[in-house]
Amino acid sequence: MGAEGGGEGEGAVMWWGRKPENRQQWVLDPLVGVGPLRFGMDSDEVRAALGVADGGSRVARDGSFWATYGDLGLTALYAPGMLLAAVEIHAAVGPRVSLAGVELMDRVPSEVSADLHRLARGQGVPVGVNWGGDPEIAAWGLSMGAVQAWEASEEGHPVRTDRAITQALVVAPELARDPYGTDLVALWRDIREEPLNPGAWPVTADRDRARWEWTPLEGVGPLRFGMTVDEVIAALGEEEPAARRGFFPHHFRGYGQWYLEEDRFDAAGLTAHYWMRDGRPTLAAVTLHGRTGPQVVHDGMKLIGQKVTALDAALIERAERGDMGLVIGCSGDLGIHGCNMYVRSVRAGDGMVSAARFCDADWEDHG
């Protein structure tokens with residue numbers, strides 16, 4: 001959830017969201033549309049229905065495209081032919097969407113899930129689980145999701161919370177059976193290499209986590225920045241990556257050299273990030289997963305699997321004492337100045353827990 005700038009006017013959108021009274025009230029008409037939008041509209045009709053121009057769009061190779069409407073808190077996905085086929089409603093800034101009296105947006109995920117299951121039982125409609133572990137109902141063209149909630153500090157600055165809140169993807173009939181498996185949605189948000197979640201978010205107990213040491217700008221645990229891919233695998237006990245992510249240059253998939261960006265190691269609980277150096281990928285950063293990764297303790301602070309607000313508060317306290325300087329990453333993550341470490345957050349059911357990314361000295365210039 002990014003910042004949508006603006007002043008203090010009625011429609012102002014902040015990092016932490018829009019006031020409920022300033023959000024439009026929309027109704028989901030399953031497989032037909034949502035609010036004033038109807039599937040099959042072209043982009044001009046969508047613009048007229050919303051009353052605002054889009055804030056930017058991107059076109060895929062097959063002619064499909066998607067456009068963001070930041071002031072309204074939504075993204076519209078258009079199939080080839082420029083026809084509206086899906087709409088993502090953003091959690092804290094988009095319209096408040098309801099279905100048969102069930103409020104879908106900006107709520108506790110488990111509560112929305114319970115309401116949707118109850119509604120589906122009453123209508124004899126099956127409920128599935130999508131890639132992220134949230135309800136997906138083909139009969140309604142609805143796939144739920146969740147993101148971290150933000151709020152305003154006493155000083156008016158955006159701060160992270162320990163809560164996850166709901167958002168929704170609504171789709172046309174041709175996408176309803178498996179939205180994230182369709183070409184249109186996959187080109188917008190490719191989740192093929194993401195870990196599939198069955199609907200539970202177990203968090204490894206701290207006593208069961210490996211203990212790793214961190215040497216800023218050099219490495220963490222047995223991993224050292226500059227290692228080759230084979231050296232990383234060897235250091236992790238010959239664990240093969242569960243998934244690999246990379247890219248072809250200039251977005252021409254299938255042409256030219258494929259560049260490895262990251263390997264995900266589920267048993268170790270981490271993701272290794274690479275960049276190209278001397279013609280081969282070398283380790284440049286490591287993200288320790290919040291729910292399952294090894295524990296790292298720095299200056300008395302446990303960095304992994306903790307409440308995000310408590311860890312942010314501890315970092316701020318040390319900065320105010322003058323023990324360390326703080327930096328803020330592009331996603332709002334707090335980091336320690338000069339160490340290239342950022343405290344990240346990941347979902348754990350209805351809440352969030354801390355993860356951490358450890359980087360070499362030049363990562364921010366290339367990552």
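Let's start with overall size. A compact globule of 367 residues would have a radius of gyration near 21 Å, and this chain has 22 Å, which agrees. Keep in mind that this is a predicted model. Along the principal axes, the C-alpha atoms fill a box of roughly 55 × 50 × 40 Å. Of the 367 residues, 48% count as buried. The chain holds six helices and 27 strands.

Now to charges. Side chains of opposite charge can pair when their charged atoms come close. How many salt bridges are there? The count comes to 22.

Take D263 and R244. Their side chains meet in a salt bridge, at 2.7 Å from N to O. D263 sits in strand β19, residues 259–265, and R244 in strand β18, residues 243–247; the two are 19 residues apart. Is D263 buried or exposed? It is buried, because its relative accessibility is 0%. R244 is partly exposed, at 37%.

Next pair: R321 and D323. Their closest N and O atoms are 2.5 Å apart. R321 is partly exposed at 48%, and D323 is partly exposed at 44%.

Then R344 and D333, with closest N and O atoms 3.3 Å apart. R344 lies in strand β26 and D333 in the loop between β24 and β25, so this bridge ties together parts 11 residues apart in sequence. R344 is partly exposed at 26%. D333 counts as buried at 7%.

Some bridges share partners: R23, R96, E103 and D106 join into one network.

Last stop, the surface. D230, E231, E238 and E240 gather there in a patch of negative charge. E231 belongs to helix α4, residues 229–235. E231 is partly exposed, with a relative accessible area of 40%.

Technical notes. Residues numbered from 1 in each chain as written. Predicted model: local features only at pLDDT ≥ 70, side-chain atom pairs only at ≥ 80, totals over all residues. Heavy atoms only, no water. Patch = residues over 30% accessible without salt bridge, like charges linked within 9 Å, V, L, I, M, F, W, Y side chains within 5 Å. Areas by Shrake-Rupley, 256 points an atom, 1.4 Å probe, with all protein chains shown as cover. Salt bridge = Lys/Arg side-chain N within 4 Å of Asp/Glu carboxyl O. Lys, Arg positive; Asp, Glu negative; His and termini not counted. Charge placed at Lys NZ, Arg CZ, Asp CG, Glu CD. Helix = DSSP H or I, 4+ residues; strand = E, 2+ residues; numbered from the N terminus. Buried < 20%, exposed > 50% of the residue type's maximum accessible area, 1.4 Å probe, protein only. Rg over C-alpha atoms; globule rule 2.2 N^0.38 Å.
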